Structure formats: structure tokens, C-alpha cells
Amino acid sequence: RLFREEEWKNVNFISIEGFTKEEMNMFPYFNGVPYPGHIHPSNLQELRNLESIVRERKRKHTISIIGKRRRARAPLMNTCDKLPDSDCIAMTCSGPNSPCKTHGAITLLEIMVESKFCYEPHGDSPTRQGYFDAISVGCIPVVPDNTSVVGYMKYHLPQPEKFTLFAPNIKDALLQIEQMGESGYQKMFNNLIQVLPRIVYAREDVPFDDAVTVLLRQLGCNVAQKQRNKKIPSYCNQKIKKY
């Protein structure tokens, strides 16, 4: 074996996918990072412009779902098709002539930015890029359970339940949305805007905590925690900044 088990516990792992609870106990220095998305601010002004766009955009769909109609997604999309577009809209991304193929990511983001909530079912793994795409355009992600986000990305997405809706299907999601009302939606939306900078990858050094900055600080905290006689950097206990 290349390393003994106790030596593996000192290795920092970086992955876009989460580990199970048992695996995370084996590798305490596992570092989850967001999927690289489509929006990359170059400076603070571009970040503020993005936030203005997602705050001011008229959202004409309560919930949307985008993807291929296969496995668990097909029933969700079929349910959506039976509802008015104002309640739910589904976009199928399969075949060479689908809008996703002919127009690229802009088509997906356009649907998301016009939706209050974006349903992100599991794909080949629990975590899905669409979860992060949704946050980047101000669409509150909806996931079937907490295996998608909870635990493995505590630095980038602390307390994901504050800006993520958990619902096993479209009908349950719509019921929860109706029960929370406009005030509940606005609270979740404002929480989402606060974490938005932490899941985008900036094009260059920027004066805000983007995904790379959060990762590097996380690694620094891990090193300091392993070296018990070393002072823990103050940023290890910082709350999310507002810009």
C-alpha cells in the first residue's frame, strides 16, 4: 500500500462530489468544491451587476426543471408538463436539435433566471451542476433529499437548508412553496444572494471570496488545525461577508 490508513487521514482531498458520512470520517480533510459554472465575474462591479440582474429579473415560473427525460427525472418532468407554465416549466435536453444543444448554456440560464425555484434531481451522482447554476442566477435550488449538499461543502455552503428547498417531487415542492408564502420566499432568496459569490469562479484575483478563495482558506484552516501549536487564522471563524 502506498500509504497507511493513519497517513491517509492527513491528506487533503478536493472534489466536486461529496463523500458518505463514513468516508468523511475516514478522510477528515475532505474538501468539497462547487461545480465550475458559466458565470465568472472579473471584479466586484461585475458581481454587483450580477446581483442586480437576479434581484430585478421578473420570474414568471414558480418552478422549473431541466434535463433529459430518463430514470427518476421523467416522472418529474411529466408532472410539470401537466401544469400551467406559471406553476412549472420543463425543458428537455436530449437530441441534437434540443435548445440545450443548439443554443448552449444561455438557454438553460434563461429558464433558470425566469424561475423562482429550480428542481435539481439526482443525476449520475447526488450532486448536480445545475444546483450551482441555479444559485448563480438567483433561482432557489430544490433537491429530493439532503445527500446533494449537506455536510461536504460546509465552507462554501454553510447551512444550505437556508437557501435550498428539500422536496421529493414537484407537487410536494409546490405545496411547500405555497405554504411559505412570499415572505418565506424572499427570506430564502436573500440568503441565496449572500452565498452566491462563494460558488462562482472569478476570472482573476477579486476583492471578494469566490470559490477559489474559500477553498484556499479552507486548506489553510486544515493545516493550522493539524499543527496544534500553530495559531488558527481569524478567517477560519468568519461569517459570510456582505459586499
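Mentor: A residue is called buried under 20% relative accessible area, exposed over 50%, and partly exposed in between. Please bear in mind throughout that this is a predicted model.

Trainee: By that scale, is K60 buried or exposed, or does it lie in between?

Mentor: The relative accessibility of K60 is 49%.

Trainee: With which residue does K60 form a salt bridge, and where do the two residues lie?

Mentor: The closest N and O atoms of the pair are 3.7 Å apart. The pair links distant parts of the chain, with K60 in the loop between α3 and β3 and its partner in the loop between α6 and β5, 54 residues apart. The partner of K60 is E114.

Trainee: Which other residue forms a salt bridge with E114?

Mentor: In this second pair the closest N and O atoms are 3.4 Å apart. The partner is R57.

Trainee: How do E114 and R57 compare in accessibility, buried or partly exposed?

Mentor: E114 has 13% relative accessibility, so E114 counts as buried. R57 has 30%, and therefore R57 counts as partly exposed.

Trainee: Which residue of the salt bridge made by D81 is its partner, and where is each one found?

Mentor: D81 belongs to helix α4 (residues 73-81), and the partner lies in the loop between β3 and α4, 12 residues apart. The N to O distance is 2.8 Å. The partner of D81 is R69.

Trainee: Turning to the helices, why are α3 and α8 described as roughly antiparallel?

Mentor: Their axes come within 11 Å and cross at roughly 155 degrees. The contact is made by residues including L47, L50 and V54 of α3 and F189, I193 and L196 of α8. Angles over 145 degrees count as roughly antiparallel. α3 and α8 are therefore roughly antiparallel to each other.

Trainee: What span should helix α9 have, and what is the distance between its end C-alpha atoms?

Mentor: Helix α9 has 16 residues (211-226), and at 1.5 Å a residue it should span 22 Å. The distance between its end C-alpha atoms agrees with this, being 23 Å.

Trainee: Against which elements do the buried residues of α9 pack?

Mentor: The buried residues of α9 include V214, L215, Q218 and L219. They pack against β1 (13-15), β2 (30-32) and α8 (170-199).

Trainee: Finally, what is the phi of Q159?

Mentor: Q159 is found in the loop between β6 (140-143) and β7 (165-166). Most residues other than glycine have a negative phi. Q159 has a positive value, near 50 degrees.

How values were computed:
Residues numbered from 1 in each chain as written. Predicted model: local features only at pLDDT ≥ 70, side-chain atom pairs only at ≥ 80, totals over all residues. Heavy atoms only, no water. Helix = DSSP H or I, 4+ residues; strand = E, 2+ residues; numbered from the N terminus. Expected span 1.5 Å × (residues − 1). Buried < 20%, exposed > 50% of the residue type's maximum accessible area, 1.4 Å probe, protein only. Contact = heavy atoms within 4.5 Å. Salt bridge = Lys/Arg side-chain N within 4 Å of Asp/Glu carboxyl O. Axes fitted to C-alpha atoms, helices over the stretch in contact; angles between N-to-C directions. Parallel < 35°, antiparallel > 145°, perpendicular 65-115°, else oblique.
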